[in-house]
Amino acid sequence: LTVSAHRIGAPAAVITYKTLYVKVDDVNDNAPQVPHLYTVNVYDGIVNRTVVQIIATDADEGINAELTYLPLGIGVEDFRVSSTGLVTTSRALNASTMNYYLIVVYISDRGTPPIANYTVINIH
């Protein structure tokens with residue numbers, strides 16, 4: 001943006017120009033976008049096995065687009081969700097004691113106020 005200032009009068013007219021830089025910050029107005037359901041089959045007995053990669057995006061910019069993942073549900077302690085949305089087993093699963101998990105992953109951006117969404121993972 002260029003601004004000009006004019007002084008008219010004696011001794012002579014003076015025109016001064018100044019360039020101003022304006023930074024427009026992103027407003028946190030978009031919720032994370034994610035498929036609402038994943039259904040996966042996982043073999044038991046292996047720790048750190050990849051279960052699913054959650055694909056979540058946010059159309060905002062900067063911190064407003066940074067996502068956090070919070071798993072919720074019965075048996076959630078058997079799984080980890082990384083900061084990139086990768087879900088892995090945190091211990092060896094045992095199908096004879098528990099053969100089905102239903103995990104809800106709460107996905108929130110880091111904007112102010114934060115906006116959230118969720119996905120459901122059916123694990124067999």
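Me: Buried means under 20% relative accessible area. Why is Asp 78 called buried in this model?
Reply: The model is a predicted one. Asp 78 has a relative accessible area of 8%. The cut-off is under 20%, so Asp 78 counts as buried.

Me: Where is Asp 78 placed?
Reply: Asp 78 sits in the loop between strand E5 (67-72) and E6.

Me: What makes the pair of side chains Asp 78 and Tyr 101 a polar contact?
Reply: The distance is 2.8 Å, side chain to side chain. A polar contact needs N or O atoms within 3.5 Å, one able to donate a hydrogen and the other to accept it, so this pair qualifies.

Me: Which residues is Asp 78 in contact with, leaving aside neighbours within four places in sequence?
Reply: Tyr 101 is one of them, and the others are Thr 88, Thr 89, Ser 90, Arg 91 and Leu 93.

Me: Why is the aromatic pair of Phe 79 and Tyr 101 called edge-to-face?
Reply: By the ring rule the count comes to one aromatic pair. In that pair, Phe 79 and Tyr 101 lie 4.8 Å centre to centre, with 85° between the planes.

Me: Are Phe 79 and Tyr 101 buried or exposed?
Reply: The relative accessibility is 7% for Phe 79 and 4% for Tyr 101. Buried requires under 20%, so Phe 79 is buried, and so is Tyr 101.

Me: What makes E4 and E6 the edge strands of their sheet?
Reply: Three strands form this open sheet in the order E4-E7-E6, with antiparallel pairing. Strand E4 (50-53) and E6 each pair on one side only. The twist averages 15° from one strand to the next.

Me: How do you know that E4 and strand E7 (residues 86-89) are paired?
Reply: Three bridges join E4 to E7, running antiparallel. Pairing takes at least two bridges, so the two strands pair. Gln 53 stands opposite Leu 86 in E7.

Me: What joins E8 to E9?
Reply: A hairpin does, through six residues.

Me: What makes E9 mostly covered?
Reply: Six of the eight residues of E9 are buried.

Me: Which residues have the most contacts inside the largest nonpolar core?
Reply: They are Ile 54, Ile 121 and Ile 123, in a core of 21 residues. E8 gives the most to this core, with four residues. Beyond four places in sequence, Ile 54 touches residues including Val 34, Tyr 69, Val 87, Ile 107 and Ile 121.

Note on methods: Residues are numbered from 1 along each chain as its sequence is written. This is a predicted model: local features need pLDDT of at least 70, side-chain atom pairs count only at pLDDT 80 or more; totals for chains, interfaces and linings use all residues. Side-chain values use heavy atoms; hydrogens and water are left out. Rings of Phe, Tyr and Trp (its six-membered ring) pair if their centres lie within 6.5 Å; planes under 30 degrees apart count as stacked, over 60 as edge-to-face and the rest as tilted. Buried means under 20% relative accessible area, exposed over 50%, partly exposed in between (1.4 Å probe, protein chains only). Axes are lines fitted to C-alpha atoms, for helices over the stretch in contact, and angles run from 0 to 180 degrees between N-to-C directions. Contact means heavy atoms within 4.5 Å. A nonpolar core is a set of buried Ala, Val, Leu, Ile, Met, Phe, Trp, Tyr and Cys residues joined through side-chain atoms within 4.5 Å.
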